[in-house]
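Look at the sequence and the fold before reading on.

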Amino acid sequence: MQPLSFESITVDEVDLAQLKEKNTRLAVLRLDKIHPVISGNKWFKLKYYLADAKVEGKDHITTFGGAYSNHIVATAAAGKLFGFKVTGIIRGEQAKKLSPTLLQAIKYGMDLVFIGREDYHTKKLPPEIIDNGDKVHIVNEGGFGIIGAKGATEILNFCQKENYSHIACAVGTSTMMAGLVKASLPQQEVIGISVLKNNTSLEKDLCSLLSPEEQKKRFQIIHGYHFGGYAKYTHLLINFINKFYTNTAIPIDFVYTGKLFYAVLDLIKNNLFPGGSNVLIIHSGGLQGNLSLPKGTLIF
Ligand SMILES: *Cc1c(COP(=O)(O)O)cnc(C)c1O
């Protein structure tokens, strides 16, 4: 099992003609380099859940997710790395052929329990978990919550954050974005790109993780770049991901960071950033998700 490697994190300047034209700089915080599976954002969101479990003497982590969830496989890998038993409660019926994500989670020793969508919706714990008594530590789906956001405040410690006018990230549950807003400086704006279709409760979810003071900081969630919805994609997106890799040698994923990078470049093109902006994009990892694309779709 590969250890976590924070020394590997780099800030890569993106050098594209379209940026020069707009007098805008773009840098990428490469959290994807921390670990192939516990990639960036997932580690930051998990770390205080795991620390709390240790303090409370709990040796069994349980969490929730879908069959392609980066959070599920990251929790499995973190459990293996830090010596926790981990159960993943997976939404829906067990498919005949498990997804690459779930196969990898099993490889890391995660027990999977499949539950129907209705029970999943109410986050009802299956009996085999309840029988284990109070030694189970529950981590919300996607690591959502104040504890997850607390970990995500540390993301900006890996760059010179005062250099940037804008910080852009992908948004699933909004936990990472909440951490970035908390850590942002007064002159900075945090821009979240939603990867979900019409999830209008995201702003409310985000604000529930912020104090009244933090809610007055500068941030916004942009909704128009979901490419059909969560984990959906189009030729346009795939072509963009391949072209971006050709031009920059930075691999991105089709569920989160592909949509984020596309959106930021499109917003720059459409003059939504003032000239002279210095944008930091958070590469939050998620590259394992590309394994569920048909072979040959991506060039890396
Ligand atoms: C999970 C994930 C996100 C979304 O993070 P939230 O805190 O749930 O908003 C973004 N990028 C990648 C690569 C992810 O795996």
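In which sense do β1 and strand β2 pair, and over how many bridges? β1 and β2 (residues 25-30) pair in the antiparallel sense, over four bridges. Strands pair if DSSP finds at least two bridges between them. This is a predicted model: local features need pLDDT of at least 70, side-chain atom pairs count only at pLDDT 80 or more, and totals for chains, interfaces and linings use all residues. Residues are numbered from 1 along each chain as its sequence is written, and side-chain values use heavy atoms, with hydrogens and water left out.

**Sheet**
- Six strands form an open sheet with mixed pairing, in the order β1-β2-β10-β7-β8-β9.
- β1 (11-14) and β9 (219-222) stand at the edges with a single partner strand each, so one side of each lacks a neighbour in the sheet.
- Strands here are DSSP runs (E, at least two residues) and helices are runs of H or I of at least four, numbered from the N terminus.
- V11 has L29 in β2 as its bridge partner.

**Ligand**
- The ligand is surrounded by 15 residues, each with a heavy atom within 4 Å of it.
- The closest are K42, N70, G172, T173 and S284.
- α2 (41-55), β7 (166-171) and α8 (175-183) each supply at least two shell residues.
- α2 gives the largest share, three residues.
- A backbone N or O atom of G172 lies 2.8 Å from a ligand oxygen atom.
- For S174, a backbone N or O atom lies 2.9 Å from an oxygen atom of the ligand.

Technical notes: Polar contact = N/O pair within 3.5 Å; in protein donor to acceptor, adjacent residues only side chain to side chain.
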